[in-house]
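Here is my note for your first look at this model. Please keep the structure open while you read.

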Amino acid sequence: MPRPTVDYSLYYVTGRSLLPTTSTAPLDSYLDHLELALQGGVTVVQIREKDVDGREFYEVARRSKLVCDKYNVPLFINDRLDIALLLSCHLHVGQSDLPYQLARHLLGPDRLLGVSVNTPDEMLDILKPEHAGMVDYVGIGPAFGTQTKKNLNPVIGVRGVRDVLQVLGDSEIKAVVIGGITPETIPNVLAQTPAPLLPSADPTAASPTKYRSLDGLAVVSSIAASPTPDVAARELRALFAQRDEYTTRLERGGEWSAEKVVQVAAELVDLLRSEEKKPLMHHITNTVVQNDCANLTLALNASPIMSTVSAEAAALSKLLGCLVLNLGTATVPILEVQTIAGREANRNRKKVVFDPVGVGATAYRRKAASDLLNACHVSIIKGNAGEIGALAGSSEVQARGVDSVGPGFKDPVTVVRTLAAREKLVVGMSGEVDYVSDGHSTFAIENGSEWQGKITGSGCMASSAVAVFAGLDHESGPLVATLAGLLVINIAAEIAAERTTVQGPNTFRSALIDECHNLTPEDVVKRARIKRV
Ligand SMILES: Nc1ncnc2c1ncn2[C@@H]1O[C@H](COP(=O)(O)OP(=O)(O)OP(=O)(O)O)[C@@H](O)[C@H]1O
Ligand SMILES: Cc1ncsc1CCO
């Protein structure tokens with residue numbers, strides 16, 4: 001009998017102690033809860049009963065199997081090979097349980113076997129030719145920290161999950177992600193975990209054309225702790241159904257010419273001027289630039305709100321055009337609010353722009369940026385050369401505090417393209433020339449004024465401009481939004497610098513806001529200096 005083909009989309013690992021009713025739910029209410037979860041769309045169930053006797057585990061598993069059979073959903077037993085054999089169930093083993101080779105030997109050829117994987121080396125071991133056919137799927141994680149399992153392996157983040165998928169490549173072994181998978185974290189997981197496939201196995205390769213994605217999401221408390229497990233399961237299924245949109249977008253590549261970008265940027269300026277399109281821009285930004293960024297946002301005809309309150313982050317995320325996260329004065333409480341707001345924006349499919357101000361300056365900022373990028377999905381990173389270099393792992397360009405120093409990168413195109421391909425987002429690197437890439441297409445913008453380098457917060461304002469365009473409801477996506485935002489602020493800066501009233505940084509600063517307000521689509525078409533590089 002061949003092993004069954006399984007839809008791993010929503011893999012539910014049960015834990016009676018997590019049910020909302022009591023600390024350890026009575027068996028009947030646990031079974032009712034399980035049945036609702038199955039009605040909501042759970043496609044695989046695993047029974048994980050830690051710290052219970054064999055007899056109790058057997059009884060929970062036996063009764064669960066009757067429910068799962070009713071819905072034709074496969075049931076896996078965690079660790080207890082004896083119970084799996086007795087009940088003709090499938091088996092899941094962790095790295096500290098029975099070795100999977102021995103488990104397969106006793107389980108026989110007909111049952112499915114899954115293994116927990118924490119590292120690329122553990123994945124490589126399963127892929128050895130002598131282990132072929134033993135393992136049907138791997139559970140990769142923990143992606144995030146959870147309350148549900150003692151003795152956790154190290155949290156690997158979405159990047160760690162991607163590293164394991166990279167090794168798994170186009171193998172037929174299926175992969176689910178586990179550990180802290182919730183509606184808030186799923187968009188980031190789906191966006192960040194696809195791993196570029198051959199011909200280039202190098203995750204930083206410039207133009208990967210195919211990606212290995214996850215086959216499913218393994219959840220514990222997102223369903224187990226819900227009083228309405230059917231509703232919870234339905235939401236999780238719907239979120240996972242968006243998986244292919246993320247990879248299609250990655251695989252599509254660039255089809256934009258510089259002329260087309262300018263034309264669309266001008267159309268977007270026009271669109272912004274129509275009142276009903278005014279996007280709401282939630283900034284969680286530094287205390288230095290709040291006023292400038294709010295005024296800049298208004299001058300472009302969008303609506304700013306500079307809230308740093310976690311209690312309203314969820315409500316704001318529903319109303320948003322775009323969320324701006326800025327590392328400028330990132331205190332611990334601000335970073336916490338940024339994480340919450342970023343996840344809420346992800347949940348509501350709103351764009352997030354990240355400005356990693358000063359990330360090259362200190363280890364504290366590097367850790368803060370890394371934690372934020374693991375916690376939520378960012379669509380656009382906009383920074384100066386020192387900041388982008390630090391995120392790319394290069395020390396070629398130095399930072400002095402929040403400023404970038406020196407002449408810049410010898411090969412800026414490769415730096416932005418590589419970072420964008422690796423992080424699967426759009427990177428905008430500001431300076432005398434701005435470089436923007438989505439990992440496929442890269443553009444250089446030559447507009448701008450030297451005055452911008454002489455006022456504080458011109459980079460933060462550039463990020464606000466990018467966010468305004470990212471927050472507009474239109475089809476063209478984050479690459480064009482980044483290009484449009486940078487074109488607009490740099491062209492406005494050029495026009496401002498030409499004013500005879502501009503005598504120094506402070507008069508320039510006011511003139512810049514004025515010219516953002518005055519800017520027309522015709523100015524964009526007439527002045528844009530942009531090329532594909
Ligand atoms: N010498 C220059 N010539 C033309 N444009 C410039 C020049 N310097 C900066 N700019 C423009 O100014 C904007 C901000 O870039 P910059 O690299 O100065 O940001 P930043 O260092 O992050 O600023 P801050 O940290 O003060 O917010 C970008 O749009 C960039 O194109
Ligand atoms: C000067 C400064 N310090 C922290 S944020 C900021 C504004 C420019 O990024």
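Predicted model: local features only at pLDDT ≥ 70, side-chain atom pairs only at ≥ 80, totals over all residues.

1. **The largest core.** The largest nonpolar core has 96 residues. Ala265, Val466, Leu483, Leu487 and Val488 have the most contacts inside it. Helix α19 (residues 477-497) provides the largest share of this core, 13 residues.

2. **Contacts of Leu483.** What does Leu483 touch, leaving aside its neighbours within four places in sequence? Leu483 is in contact with Val261, Ala265, Val436, Phe443, Ile445 and Ile530.

3. **Helix α4.** In α4 (residues 100-107), Tyr100, Ala103, Arg104 and Leu107 are buried. They cover an arc of only 100° around the axis, so they sit on the same side of α4. An α-helix has 3.6 residues a turn, so residues three or four places apart point the same way. Leu102 and His105 lie on the other side of α4 and are exposed. The buried residues of α4 pack against α3 (81-86), β4 (90-93) and β5 (113-117). Just after α4 comes Gly108, with a positive phi of about 85°.

4. **Helix α15: length.** This helix has 13 residues (363-375). At 1.5 Å a residue, they should span 18 Å. The end C-alpha atoms are 18 Å apart, which agrees.

5. **Helix α15: faces.** Arg365, Ala368, Ala369, Leu372, Leu373 and Ala375 are the buried residues of α15. Seen down the axis, they fall within an arc of 160°, so they line one face of the helix. Ala363 and Lys367, on the other side of α15, are exposed. The buried residues of α15 pack against β13 (322-326), α14 (332-347), β14 (351-355) and α16 (385-392).

6. **Ligand 1.** The shell around ligand 1 has 23 residues. The closest are Ser430, Gly448, Gln452, Gly453 and Gly459. β17 (403-405), α18 (458-471) and α19 each give two or more residues to this shell. Which element gives the most to the shell around ligand 1? That is α18, with four residues. By class, the shell has six nonpolar, 13 polar and four charged residues.

7. **Ligand 2.** The residues around ligand 2 are Asn286, Val288, Val289, Gly328, Thr329, Val357, Val402, Thr456, Gly457, Gly459 and Cys460. How many of the residues in this shell are charged? There are no charged residues, but five nonpolar and six polar ones.

Technical notes: Residues numbered from 1 in each chain as written. Chains lettered and ligands numbered in written order. Near = placed C-beta within 6 Å. Nonpolar A, V, L, I, M, F, W, Y, C, P; charged D, E, K, R; others polar. Buried ≥ 20, exposed ≤ 12 C-beta atoms within 10 Å, placed from the backbone. Arc of directions from axis to C-beta. Contact = placed C-beta atoms within 7 Å. Core = buried A, V, L, I, M, F, W, Y, C linked by C-beta atoms within 7 Å. Expected span 1.5 Å × (residues − 1).
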